[in-house]
Amino acid sequence: MVKVTVCIGSSCHLKGSRQVVEELQYLIKENNVGDEVNLAGAFCMGKCQEKGVNVTVDGQHYSILPEEVKQFFNDKILTKIK
Amino acid sequence: MSLFIDFGYTSLNHFGEELCGDKVEYAKNNDYVTLVLADGLGSGVKANILSTLTSKILCTMVSNNVSINECLETMVASLPVCKERGVAYSTFTVVHINHEGKGFLFEFDNPQAIYIHDGKCLDLERKKITVSGKDVYQSDLNLKDNDFIVTMSDGAIHAGIGATLNFGWEREDIKKYLESVYDKNMSAKAIACSLAKSCNDLYLDKPGDDTTIAAIKIRKSLRVHIMVGPPVDKSKDEYYISRFLKDADKTIVCGGTSSTIVARYLNKPIEVDLTYLDSDVPPMGKIEGIDLVTEGVLTLRKLLELSEEYLSIVDLSPKIFIKKDGATRLADMLFIEASDVDFYVGQSINAAHQGLPIDITMKLKLVESLANNLKKMGKNVTLNYD
């Protein structure tokens, strides 16, 4: 099980956390990995200065822009499952 | 037992008029609340001046316990006489009530007020008294928890005359309508607005007369504590949070950092629900023991918009909050449920937010405007800055 947490605090909301969450939800469904990925939200992670939305994958921190979600999902999430 | 007096009103302007000829005045004095609904002769500017004078004079005098005789004498002596019609005339309804639900009602030429008790519309017993040559009706009030008094100008019973209805909307039908929409959790504003909206529909959006509905509701008090932002002095978090949690009927935490501190104090996890119920409002969180956990500035900004809409006397959208996003849930808890709202505003600066449209100045401004709007709704509001 891979735990993915997306920050939905004020700052990340403005940077597009909603698009990130929705795209991740879509990708999880499309790849049929709902049983292997636990997608959750979190309030402010204290890293608002990063350029993108704060996301952690099993505790490892990343900052991603909405347009990078697909790449990010393939590189950092799918690879963990397979 | 001390009850909370909730009030609200909505007006429709005579089609094509910029000003309303009906006027509502409201005053709180010691234990008493006074509400006056006046309807000036004619429409437009003239009617507006008459009703403004009448409501202001009556409201100020009655709330200061001046006898109705003196109030009327003053009024008759003050109102300007209409050049065309040769009369100075404005109808009125006065409700004067204390926090135990006791008081009186005076009516002059307005449609008889409707008393709602247990969801049933009743007529108050009234006694005719003659003051300065005018027949005024007096009723004694002894209201119980969740009782309403609905007052209206004659635009309500004339609704639809000659258009959708032959003789306008009769009072008996208005009573039936009120019984059909009644819910004991509705606010006074919600009842007033709902009735005004129906009048507007009967007038086919073109009111043939100024129409105003003003309602008063008596209910139990409910104290809400709302925490916005973390306090400056980090070493005293425990003290601030224990004070925030004390003596509240309901508690609300707005903001990510604040939620984290509260969750730590309560030793409970924060869960975040990822469902987006409104595209403008970030999702909510959940902490066991806290009634509502939301994001901060963006949610508050939306809440301020909702409060403007709620207070508007011409907005006809329903004044009930059904949606489940953070801002709407806040609106329901603060505008409808609360009687007393205590803000605990932390002024700690989140360095990461500076320069973004969510920084501390924005937050403090929002809180201040919001507190003002809650006061306009009749709530008892305090602001504590930490």
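User: In what order do the strands of the open sheet in chain A stand, and what is the pairing called?

Analyst: This is a predicted model. In chain A, 4 strands form an open sheet in the order E2-E1-E3-E4, and the pairing is called mixed.

User: Why are strand E2 and strand E4 of chain A said to stand at the edges?

Analyst: Strand E2 (37–42) and strand E4 (60–64) of chain A each have a single partner strand, so one side of each is left without a neighbour in the sheet, and that places them at the edges. Neighbouring strands of this sheet are turned by 25° against each other on average, with direction ignored.

User: What makes strand E3 and E4 of chain A a pair?

Analyst: Two strands pair if DSSP finds at least two bridges between them. Strand E3 (residues 53–57) of chain A and E4(A) have 5 bridges, in the antiparallel sense, and therefore they count as a pair. One of the bridges joins Val55(A) to Tyr62(A) in E4(A).

User: Which helix of chain A packs on the sheet?

Analyst: Helix H2 (residues 17–30) of chain A does, touching strand E1 (2–7), E2, E3 and E4 of chain A, and its direction makes about 155° with that of E1(A).

User: How many residues are in contact between chain B and chain A, and what makes them count as such?

Analyst: Residues are in contact if their C-beta atoms, placed from the backbone, lie within 7 Å; by this rule 21 residues of chain B are in contact with 16 residues of chain A. H6(B) gives the most to the side of chain B that touches chain A, with 4 residues. By class, that side of chain B has 11 nonpolar, 8 polar and 2 charged residues.

Terms used
Residues are numbered from 1 along each chain as its sequence is written. Chains are lettered from A and ligands numbered from 1 in the order in which they are written. This is a predicted model: local features need pLDDT of at least 70, side-chain atom pairs count only at pLDDT 80 or more; totals for chains, interfaces and linings use all residues. Two residues are in contact if their C-beta atoms, placed from the backbone, lie within 7 Å. Helices (H or I, at least four residues) and strands (E, at least two) are DSSP runs, numbered from the N terminus. Ala, Val, Leu, Ile, Met, Phe, Trp, Tyr, Cys and Pro count as nonpolar, Asp, Glu, Lys and Arg as charged, and the others, Gly among them, as polar. Axes are lines fitted to C-alpha atoms, for helices over the stretch in contact, and angles run from 0 to 180 degrees between N-to-C directions.
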